[in-house]
Amino acid sequence: MNNNQKKKEKRARRLDISTERLALLGSVIANVLIGGFLITKGVTVRETFLPPEINRAMWVENNTASDSYLEEMSAFVAQLILNATPTGVEYQGKLLRKYACADGYGALDSLIRQNADRLKKDNASTMFSTRIVKIDRKTNSVALMGTESVFVGDRRIGGDNPKTYITVFDINGGKFCVKEFHETAQDPFSPAAPSQPDKPAGGGT
């Protein structure tokens, strides 16, 4: 195969990629325009939002979301709070605040500050491993059940502690935010489960 033919094939591949990109862009623009039209007509619109990692199809619709979206976002929130080190906790807290609801910002900000102060004071790091996920679509709440480990420097403190954390989201007209995050009972969505958190969220020494 000569150089001219190779160049022609490269140009053809580039053209195909550009065409595909333009088609995708046109599809996105068309969906946005259709969505705006349907909203003005009072028709239910399903919007697709993208969490940090996209593993499955997901959607947010009016005041609810798909199980996959709730699970992905709750895992992301838990990672920012529970998988933290003294050097990275400030940045993770700053990132998490961007997802906070207006009416839940104060409590979430206080949790982030307390968690950062504790980790820095003790030179501690925490790691949470999820084993079971429970979702309550009625309240847009997700329970992550698993184990939490605490390290001071390079030394592990204690064993794996069983923990359950609840993330409560607020979804209003397709707008999505984090309303609450706390530690709770082992079976949070059972009829006998307490309505209030047992302890403040976040690991400690």
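The legends below describe close-up views of a predicted model of a protein chain.

**View 1. Confidence along the predicted chain.** The protein chain has a mean pLDDT of 76, and 64% of its residues reach 70 or more. Among its elements, helix 4 (residues 105-122) has the highest mean pLDDT, 96. The lowest mean, 40, belongs to strand 1 (residues 46-47). Over residues 14-50 the pLDDT stays under 50. For this stretch the model has 19 contacts beyond four places in sequence.

**View 2. The largest nonpolar core.** This core has 26 residues. Leu 108, Phe 169, Phe 176 and Phe 181 have the most contacts inside it. At least two residues each are supplied by helix 2 (67-82), helix 4, strand 5 (141-152), strand 6 and strand 7. Helix 2 provides the largest share, with nine residues. In soluble globular proteins, nonpolar side chains tend to be buried together.

View 3. Phe 176 is one of the residues with the most contacts inside the largest core. Neighbours within four places in sequence are left aside here; beyond them, Phe 176 is in contact with Val 60, Ala 65, Tyr 69, Leu 70, Met 73, Phe 169, Asp 170 and Ile 171.

**View 4. The pairing of strand 4 with strand 5.** Strand 4 (residues 124-136) and strand 5 run antiparallel and are joined by twelve bridges. At one of these positions, Asp 136 has Ser 141 in strand 5 as its bridge partner. The two strands form a hairpin with four residues between them. In the turn of this hairpin, Asn 140 has a positive phi of about 55°. Strand 5 itself is mostly covered, as ten of its twelve residues are buried.

**View 5. The pairing of strand 5 with strand 6.** On pairing with strand 6, strand 5 again takes part in an antiparallel arrangement, here over eleven bridges. Thr 147 stands opposite Pro 162, a residue of strand 6. Strand 5 and strand 6 also form a hairpin, with two residues between them. Gly 153, in the turn, has a positive phi of about 65°. In a regular strand the side chains alternate between the two faces of the sheet.

**View 6. The disulfide of Cys 101 and Cys 177.** The structure holds one disulfide. Cys 101 and Cys 177 form this link, with their sulfur atoms 2.0 Å apart. The link is right-handed, with 95° about the S-S bond. Cys 101 lies in the loop between helix 3 and helix 4, whereas Cys 177 lies in strand 7. The pair thus links distant parts of the chain, 76 residues apart. Both cysteines, Cys 101 and Cys 177, are buried.

View 7. A search of the whole structure finds six salt bridges. One of them is formed by the side chains of Arg 97 and Asp 109, at 2.6 Å from N to O. Arg 97 belongs to helix 3 (residues 89-97) and Asp 109 to helix 4, and the two residues are twelve residues apart. Both Arg 97 and Asp 109 are buried. Together with Arg 113, these two residues are linked in a network of salt bridges.

**View 8. The salt bridge of Lys 163 and Glu 183.** The side chains of Lys 163 and Glu 183 meet in a salt bridge, at 3.6 Å from N to O. Lys 163 lies in strand 6 (residues 155-172) and Glu 183 in strand 7 (residues 175-183), so the pair ties together parts that are 20 residues apart in sequence. Lys 163 counts as buried because its relative accessibility is 14%, which is under 20%. Glu 183 likewise counts as buried, because its relative accessibility is 8%.

**View 9. The salt bridge of Arg 156 and Asp 160.** Arg 156 and Asp 160 meet through their side chains in a salt bridge, at 2.1 Å from N to O. Asp 160 counts as partly exposed because its relative accessibility is 42%, a value between the limits of 20% and 50%. Arg 156, at 41% relative accessibility, also counts as partly exposed.

Terms used:
Residues are numbered from 1 along each chain as its sequence is written. This is a predicted model: local features need pLDDT of at least 70, side-chain atom pairs count only at pLDDT 80 or more; totals for chains, interfaces and linings use all residues. Side-chain values use heavy atoms; hydrogens and water are left out. pLDDT is the predictor's confidence in each residue, from 0 to 100. Contact means heavy atoms within 4.5 Å. A salt bridge is a side-chain nitrogen of Lys or Arg within 4 Å of a carboxyl oxygen of Asp or Glu. Buried means under 20% relative accessible area, exposed over 50%, partly exposed in between (1.4 Å probe, protein chains only). A nonpolar core is a set of buried Ala, Val, Leu, Ile, Met, Phe, Trp, Tyr and Cys residues joined through side-chain atoms within 4.5 Å. Two strands pair if DSSP finds at least two bridges between them. A disulfide is a pair of cysteine sulfur atoms within 2.5 Å.
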